[in-house]
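Me: I'm new to reading protein models. Could you go through this one with me, step by step?

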Amino acid sequence: MLQAVVYREGNLVSGRLEALIQHMVPTNDYYPDRAFLFAFLLTSRLFVKPHDLLGQICNESSAKEKMEGPSQPLIRLIGEWSETFPYDFRDERVMSHVREVAESCVGLEEDTRGEVSLVLQSLLEKLTSLERYEAYIHSVRAHATASLGSLSQVSL
């Protein structure tokens, strides 16, 4: 039988997609390595769309929460993901999962609500910054196009 994940010298080097997704799910006792998070989030989009990935992570996390209690590390995972790959969170389907996680944490202890609030605020700031940057790039491109158009009318 094919191994679910393969380790070499103590480092995870490969695995089936389902096993890697399960390895990505944080619990109260386990949090994935930062290097793994970055590498997996970067490359997983070749095989699974970000909204599907977050949906699977939320489903796995929900199943584990029933056994272990609320999983505050899921909030941390979403925070790190949104810092590293903020464009993924421009998709309404991804944000739908984020809202579900946030709503499930509302009734929890104050620390969790505070962390959810910080993650959501940081995400909003990052998305707003991206929008401003894209608007700036668009205006520069429009200005450059207009300038090139006036140069083409100059007679040499």
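This is a predicted model: local features need pLDDT of at least 70, side-chain atom pairs count only at pLDDT 80 or more; totals for chains, interfaces and linings use all residues.

Me: How many aromatic pairs does the structure hold?

Reply: Residues are numbered from 1 along each chain as its sequence is written, and side-chain values use heavy atoms, with hydrogens and water left out. Rings of Phe, Tyr and Trp (its six-membered ring) pair if their centres lie within 6.5 Å; planes under 30 degrees apart count as stacked, over 60 as edge-to-face and the rest as tilted. By that rule, the number of aromatic pairs is three.

Me: Which kind of pair do Phe 38 and Phe 85 form?

Reply: Phe 38 belongs to helix α2 (residues 34–44), and Phe 85 to the loop between α4 (73–84) and α5 (92–106), 47 residues apart. Helices here are DSSP runs of H or I with at least four residues, strands are runs of E with at least two, and both are numbered from the N terminus. The ring centres are 5.7 Å apart with 20° between the planes, and the pair is stacked.

Me: Is Phe 85 buried or exposed?

Reply: Buried means under 20% relative accessible area, exposed over 50%, and partly exposed in between (1.4 Å probe, protein chains only). Phe 85 has 14% relative accessibility, so Phe 85 is buried.

Me: Why is the pair of Trp 81 and Phe 89 called edge-to-face?

Reply: Both residues are buried. The centres of their rings lie 5.8 Å apart. The pair is edge-to-face because the planes are at 80°.

Me: Which residue has its charged end over the ring of Phe 85?

Reply: A charge sits over a ring if NZ of Lys or CZ of Arg is within 6 Å of the ring centre and within 35 degrees of the ring normal. Elsewhere, Arg 76 lies over the face of Tyr 31, at 3.6 Å from the ring centre. For Phe 85, the charged end is 5.0 Å from the ring centre and belongs to Arg 45.

Me: Which side chain does His 51 join in a polar contact of 3.3 Å?

Reply: His 51 lies in helix α3 (residues 50–68) and is buried, at 11% relative accessible area. A polar contact is a pair of N or O atoms within 3.5 Å; within protein, one must be able to donate a hydrogen and the other to accept it, and residues adjacent in sequence count only if both atoms are side-chain atoms. Here the partner is the side chain of Asp 52.
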